[in-house]
Amino acid sequence: MERRINELPEVAEATLTFATKQLKVTANHTPALLGTMQKICASIEGEVKLVEKERKPEPKKGMTDNKKDLITIAVGAVLFVLGVIFEKTGLFVPMLITLIAGYLVLGGEVLITAFKNLLKGHVFDENFLMSIATLGAFAIQDYPEAVGVMLFYRVGEWFEHIAVERSRTQIMDAVDMRPEVVNLVTAKGVDVIPAEEAEVGDILLVRPGDRIPLDGVVIEGESRIDTSPVTGEPVPVTVRNGDEVISGCVNTNGLLKIRVEKVLEESMVTRILDSVENAAAGKPKIDRFITRFARIYTPAVVAVATLTAVVPPLFFGQSWSHWIHTALSFLVMSCPCALVLSVPLAFFSGIGAGSRQGILFKGGVSLETMAEIKAVVMDKTGTVTEGNFVVQSVVPVKGAEETDVLRFAGACERSSTHPVGISVLKAAEEKKLSVPAPTAVEEIAGHGIRATVDGKTVLCGNRKLMVRFEIDLTDAPAEGNGTEVLLAMDGKLMGVIRIGDTVKQDAVDAVATLKRSGIATVMLTGDNLNSAQAVAKTVGVDEVYAKLLPEEKLAHLVKARSKYGKVMFVGDGINDAPVLAGADVGAAMGSGADAAIDAADVVFMTSEMSAVPKSLSIAKAATGISRQNVIFAIAVKIIVMILGLCDLLGPAAMWMAVFADTGVAMICILNAIRILYSKKYR
């Protein structure tokens, strides 16, 4: 389907994702395009319906397909047992009637589907093969085998369908936290309206036990909210008037009123869902390999089956019925369902397991690459440390005043969003200093700020900035721990502001876990060397490089790749975007800049270091399971096919064929979703 739709001239790109039942199409939209794609899908699988995506699917009414199938299987099983009893007691006519009835109950739909597909030219469709194989058993008067094999096939298909649907539902339910309705506060009281109708500025009431429906700001009330559904963080957070809240979190006790800041389509709950759906569409190499493998494998199997049916009877005078039966069994057992279903499902399960932990993978490719990571390269500020900078000291040079240093530095940082700048401005405000507004501001990446304040040219940044503008640093204090901000006015140094940061609580354990896994750790930072070395020593990082510009970080990343192999970069700043994009896998802290998050392959909503080894563990598990499924499915099929061709299976050939098809597929699917039930990833 995907290949045929991609061949349409209007379509730039189409990706069909089995795990989410979604077809993503980039195309020049025409009214007839949806109908054309529907015809393509229906010509391949008659039951497929192509519909435009709904906000939330309506629950199906009436009996589900699974229940109908179960009733059909139960009735067919009873008729099969009765037929076998009649055969054992020598009642031929009742046996024949009962088994034919059982066969039609179990295989009627298979026969009809096979006939329809045959008219479309799909000769080697699974339904067609099952029909020929079981009708062949009737032809050679092996009635119980015909019905028994069809029963076994339907049971296997039923379990396979249940496993796939349950895993898909569990993953999507875990990440789809979009609200159906919201409680809108009006002058008359509270109105319940559809969530998509809420607008920016609306006031919503959030009762205890409710999810925060949309991203917003608390304007009334105080409560503790459980952020674990979004970030994976188990400790509730206290919120009160003025605090921002994100959708998907649960209000645990107090009554809150929030002002909507983002509509449904832009809120966190929708972003998470879109991220998971888009991630599922990113097909890893092993998935693409299975697609290519099937294109070669299927014709090869058909050729071998044809030779099996023709050569022994034609050249060695053996039974036509026996070898045709063997060839049909061979075709049934060779069906690549186990590979086609379980491999993408394994990666989708990994994506779902990650989302439960507040880890948003952006594709199966990312998961697959992360399983091969040999080194983790990380930024310092906001990644290894909290980024909660506090001014520790202000050291003026001789002739300058401490208050002037802080006041003019605060003026330069008035519009800054960087944690260092915010801490400087906050310290000036705490001392109740009058911070003037600059008339001109120029940000120099990796250096600092040049501004015009009260008619004076002020430089505020690191030592590189001072050197660049030829500021005499003879009187500058020696470098110490922490981040230093130097201030110069009209070409003369005024002083140094020392700012401290704290290491994240889980950083030490996270780095230790990485090193136990044989993964090297490297820290790259624009901060001074003393501060960087102190943090690196505290957390146990192997290598540290300081005073780096964004392009220098990228150069060191390339060196790390050549030294260790595939590397993962973890950062949170806008200046990290180039390095994130240049790494084999880029990971962004959820608290970081939007540019960094957009450039990343995986986002850690918790902004905790522990998410790094956890994400690598999930990636290895998902990739490992997909490989297990490939090896297991191919090995079982090869063994059963060899036994069948060597005529070692005897009367059980068709039974083993069905097991090698639906049985192996079911086992592989259950293995694929194993990661969802692992306590390690809950």
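**Note on the predicted structure**

1. The accessible surface of the protein chain amounts to about 31700 Å², and carbon and sulfur atoms account for 58% of that surface. The model under review is predicted. The protein chain has 682 residues, of which 50% count as buried. Its secondary structure consists of 23 helices and 24 strands. Where contacts link residues at least 6 apart in sequence, 65% of them join residues at least 24 apart.

2. In general terms, nonpolar side chains tend to be buried together in soluble globular proteins.

3. Once neighbours within four places in sequence are left aside, the contacts of Val-602 include Ile-359, Leu-360, Phe-361 and Met-370. Val-602 is also in contact with Met-568, Val-585, Gly-586, Ala-587 and Ala-588.

4. Val-377 belongs to strand β13, which covers residues 375-378. Its relative accessible area is 1%, so Val-377 is buried. Not counting residues up to four places away in sequence, Val-377 touches Val-522, Leu-524, Leu-557, Ala-560, Val-567, Met-568, Phe-569 and Val-570. Val-377 and His-556 are 179 residues apart along the chain, yet their C-alpha atoms are separated by 9.3 Å.

5. Which residues make the nonpolar surface patch of about 640 Å²? The patch is formed by Val-310, Leu-314, Phe-315, Phe-316, Trp-320 and Ile-324. Two elements, α9 (285-316) and α10 (320-333), each give two or more residues to it. The largest share, four residues, comes from α9. Val-310 lies in this helix α9, and with a relative accessible area of 31% Val-310 is partly exposed.

6. On the cysteines, the count of disulfides comes to zero. Cys-249 is buried, at 0% relative accessibility. Cys-460 takes part in no disulfide, and the nearest cysteine sulfur, belonging to Cys-412, is 4.8 Å away. A disulfide requires the two sulfur atoms to be within 2.5 Å. Cys-460 likewise counts as buried, with 1% relative accessibility.

7. The structure holds 16 salt bridges. Side chains of opposite charge can pair when their charged atoms come close. One of the bridges joins Glu-261 to Arg-259, with the closest N and O atoms 3.0 Å apart. Both partners are partly exposed: Glu-261 has a relative accessible area of 36%, and Arg-259 stands at 32% relative accessibility.

8. How far apart are the closest N and O atoms in the salt bridge of Lys-515 with Asp-542? The separation in this pair is 3.3 Å. Lys-515 is in helix α16 (residues 507-516), whereas Asp-542 is in the loop between α17 (529-539) and β21 (543-545); the pair therefore ties together parts that are 27 residues apart in sequence. Lys-515 counts as partly exposed at 38% relative accessibility, and Asp-542 is partly exposed with a relative accessible area of 42%.

9. Another salt bridge is formed by the side chains of Lys-563 and Glu-543, at 2.8 Å from N to O. Because Lys-563 lies in helix α18 (residues 550-564) and Glu-543 in strand β21, this pair ties together parts that are 20 residues apart in sequence.

Note on methods
Residues numbered from 1 in each chain as written. Predicted model: local features only at pLDDT ≥ 70, side-chain atom pairs only at ≥ 80, totals over all residues. Heavy atoms only, no water. Contact = heavy atoms within 4.5 Å. Patch = residues over 30% accessible without salt bridge, like charges linked within 9 Å, V, L, I, M, F, W, Y side chains within 5 Å. Areas by Shrake-Rupley, 256 points an atom, 1.4 Å probe, with all protein chains shown as cover. Salt bridge = Lys/Arg side-chain N within 4 Å of Asp/Glu carboxyl O. Buried < 20%, exposed > 50% of the residue type's maximum accessible area, 1.4 Å probe, protein only.
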